[in-house]
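This report looks at how side chains are packed and paired in one protein chain. Please keep the sequence and the 3D view open while reading.

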Amino acid sequence: MEAENGEVAALVEKITGLHAAISKLPSLSPSPQVDALFTELVAACVPSSPVDVTKLGPEAQEMRQDLIRLCSAAEGLLEAHYSDMLTALDSPLDHLGRFPYFDNYVNLSKLEHDLLAGHVAAPARVAFIGSGPLPFSSLFLATYHLRDTRFDNYDRCSVANGRAMKLVGAADEGVRSRMAFHTAEVTNLTAELGTYDVVFLAALVGMTSEEKADAIAHLGKHMADGAVLVARSAHGARAFLYPVVELDDVGRGGFQVLAVHHPAGDEVFNSFIVARKVKMSA
């Protein structure tokens, strides 16, 4: 236990130092300095760790919350940069591997599909909430795993959707015709949520545990009974990069948890939860 506590203390100290350095950056747009700091941060957070972020002290909790905010902003800028770069190329989809975390999205999409397949045979309609300017998840699912499924991608940023549409416009007609993009906050979606067999909730939709719980409760209120939610989360030290979805909040939102996956290696960063919307008693 003493060795474990020492390991956690050393990790928190390192991440606190990286947070301080990132906070001082004049910009979070991709640059050698920004890339180096975030690469070091990811390398510190990805290995298996005994840290439980819910047990951190108030100062460390505040640091973690701000770090997640910084990571979200940097990720958005990174994705926008690569979306613009890719669409400027001939045959942009042939160059997706230039994105630094391309393999993560390929592996995550396969893992999510494989786990989802045990609970939903062939979804006709899927919503992806928080699709961003580089919609790899729905693109890979539509291209390789769910080849007859229609995808509605939602993001609160119209500029991000514009970039995403431009990139997906380079896809084959069979994929392109099944991908739509809408600008909306998750809490403004109501009746349309009831039309989906599966709803994906991106890791950075809801930056705090309270916001995440509110988003899940809203989905539970409007999704169809029997529909499936796939909520991306984080575990261990990766919770310094992304918010954690609490299983109790999933249950309180009106869902039955079917499966939870925490990746062991570095091929995937996010955990994810698969849950089914249950009929609420009158």
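Helices (H or I, at least four residues) and strands (E, at least two) are DSSP runs, numbered from the N terminus. The model is a predicted one, in which local features need pLDDT of at least 70 and side-chain atom pairs count only at pLDDT 80 or more, while totals for chains, interfaces and linings use all residues. Residues are numbered from 1 along each chain as its sequence is written, and side-chain values use heavy atoms, with hydrogens and water left out.

**Salt bridges**

A salt bridge is a side-chain nitrogen of Lys or Arg within 4 Å of a carboxyl oxygen of Asp or Glu, and by this rule the count comes to eleven.

| Pair | N to O distance |
|---|---|
| Arg69 and Asp66 | 2.6 Å |
| Asp84 and Arg163 | 2.8 Å |
| Glu112 and Arg232 | 2.8 Å |

Arg69 and Asp66 are three residues apart in helix 3, which means that about one helical turn separates them. The salt bridge between Asp84 and Arg163 links distant parts of the chain, with Asp84 in helix 3 and Arg163 in helix 6 (residues 158-168), 79 residues apart. To describe the surroundings of such residues, buried means under 20% relative accessible area, exposed over 50%, and partly exposed in between (1.4 Å probe, protein chains only). Asp84 is partly exposed at 37%, and Arg163 is partly exposed at 25%.

The salt bridge of Glu112 with Arg232 also links distant parts of the chain, from helix 4 to strand 5 (residues 228-233), 120 residues apart. Here Glu112 is buried, with a relative accessible area of 1%, and Arg232 is buried as well, at 5%.

Which charged residue is buried yet has no salt bridge? This is Glu79, whose nearest side chain of opposite charge, that of Arg232, is 8.0 Å away, where Lys and Arg count as positive and Asp and Glu as negative, while His and the chain ends are not counted. Glu79 is placed in helix 3 (residues 58-87). Contact means heavy atoms within 4.5 Å, and, leaving aside neighbours within four places in sequence, Glu79 is in contact with residues including Phe99 and Tyr105.

**Aromatic rings**

Rings of Phe, Tyr and Trp (its six-membered ring) pair if their centres lie within 6.5 Å; planes under 30 degrees apart count as stacked, over 60 as edge-to-face and the rest as tilted. By this rule there are twelve aromatic pairs. The ring centres of Phe99 and Tyr105 are 6.3 Å apart and their planes lie at 45 degrees, so this pair is tilted, and both residues are buried. Phe102 and Phe136, with centres 6.1 Å apart and planes at 90 degrees, are therefore edge-to-face. This second pair joins helix 4 (residues 102-116) to helix 5 across 34 residues.

**Nonpolar cores and cysteines**

In soluble globular proteins, nonpolar side chains tend to be buried together. A nonpolar core is a set of buried Ala, Val, Leu, Ile, Met, Phe, Trp, Tyr and Cys residues joined through side-chain atoms within 4.5 Å. The largest core has 58 residues, and those with the most contacts inside it are Ile129, Leu219 and Leu229. Helix 5 (residues 136-145) gives this core its largest share, five residues. A second, separate core of 36 residues includes Cys45 and Ala239.

A disulfide is a pair of cysteine sulfur atoms within 2.5 Å, and the count by this rule is zero. The sulfur of Cys45 is 7.5 Å from the closest cysteine sulfur, that of Cys71, which is too far for a bond.
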